[in-house]
Amino acid sequence: NKTIEHIAEVVSMLVQKNVITQQVADAIDKNVVLKAMNSPLFAMLEGKKIYRELPFMLKTSYQNLFGGEVDENMFLQGVIDMLAVGKDEAIVVDYKYTKRPQYIKQNYQKQLDSYAQAVKQILKIDNVKKYVLSLADGQIVEL
């Protein structure tokens, strides 16, 4: 149900269940939530298994992640905000609160590349798409 009223009901329910505080609820811009929910990204999530706040640890080579001459093994650890897994593809979504979406690619490309590499190696899925959702304005950037 993609309406401001429904979003307000869900936020209210989250406060009642002590999932979020009233202060957090008051800070949520329901129009931004609605804009994000109506984006093509969320339509792509239909029918996929959704994981939220998914921690991972991966042993990989530095060269595998960042290229270059260094070929030492390293441990990569992180938490993927949202991962949607389908039959032969996965979608990584990272949430950022930024009012400068023009800098998303340069600031977060390596981070999402590392998340995608973890998904590829751990889940054996080659087709991994990466997106950043700006919680400030609901804009979605594909990386």
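This is a predicted model: local features need pLDDT of at least 70, side-chain atom pairs count only at pLDDT 80 or more; totals for chains, interfaces and linings use all residues.
Local features need pLDDT of at least 70, side-chain atom pairs count only at pLDDT 80 or more, and totals for chains, interfaces and linings use all residues. Numbering starts from 1 along each chain as its sequence is written, and side-chain values use heavy atoms, without hydrogens and water.

**Strands.** Helices (H or I, at least four residues) and strands (E, at least two) are DSSP runs, numbered from the N terminus. Two strands pair if DSSP finds at least two bridges between them.

| Pair | Sense | Bridges | Bridge partners |
|---|---|---|---|
| S2 and S3 | antiparallel | 4 | Leu83 and Val92 |
| S3 and S4 | parallel | 7 | Val92 and Lys130 |

A hairpin through 4 residues joins S2 to S3.

**Helix H3.** Val32, Leu34 and Ala36 are buried in H3 (residues 30–37). Asp29 caps the N-terminal end of H3, with a side-chain oxygen 3.0 Å from the backbone nitrogen of Asn31.

**Rings.** Ring centres of Phe, Tyr and Trp (its six-membered ring) within 6.5 Å make a pair; planes under 30 degrees apart count as stacked, over 60 as edge-to-face and the rest as tilted. The count comes to 1 aromatic pair. Phe56 and Tyr115 form that pair, edge-to-face, at 5.6 Å centre to centre and 85 degrees between the planes. Phe56 lies in strand S1 (residues 49–61) and Tyr115 in helix H6 (residues 104–123), so the pair ties together parts 59 residues apart in sequence. Both Phe56 and Tyr115 are buried.

Technical notes: Buried means under 20% relative accessible area, exposed over 50%, partly exposed in between (1.4 Å probe, protein chains only). A polar contact is a pair of N or O atoms within 3.5 Å; within protein, one must be able to donate a hydrogen and the other to accept it, and residues adjacent in sequence count only if both atoms are side-chain atoms.
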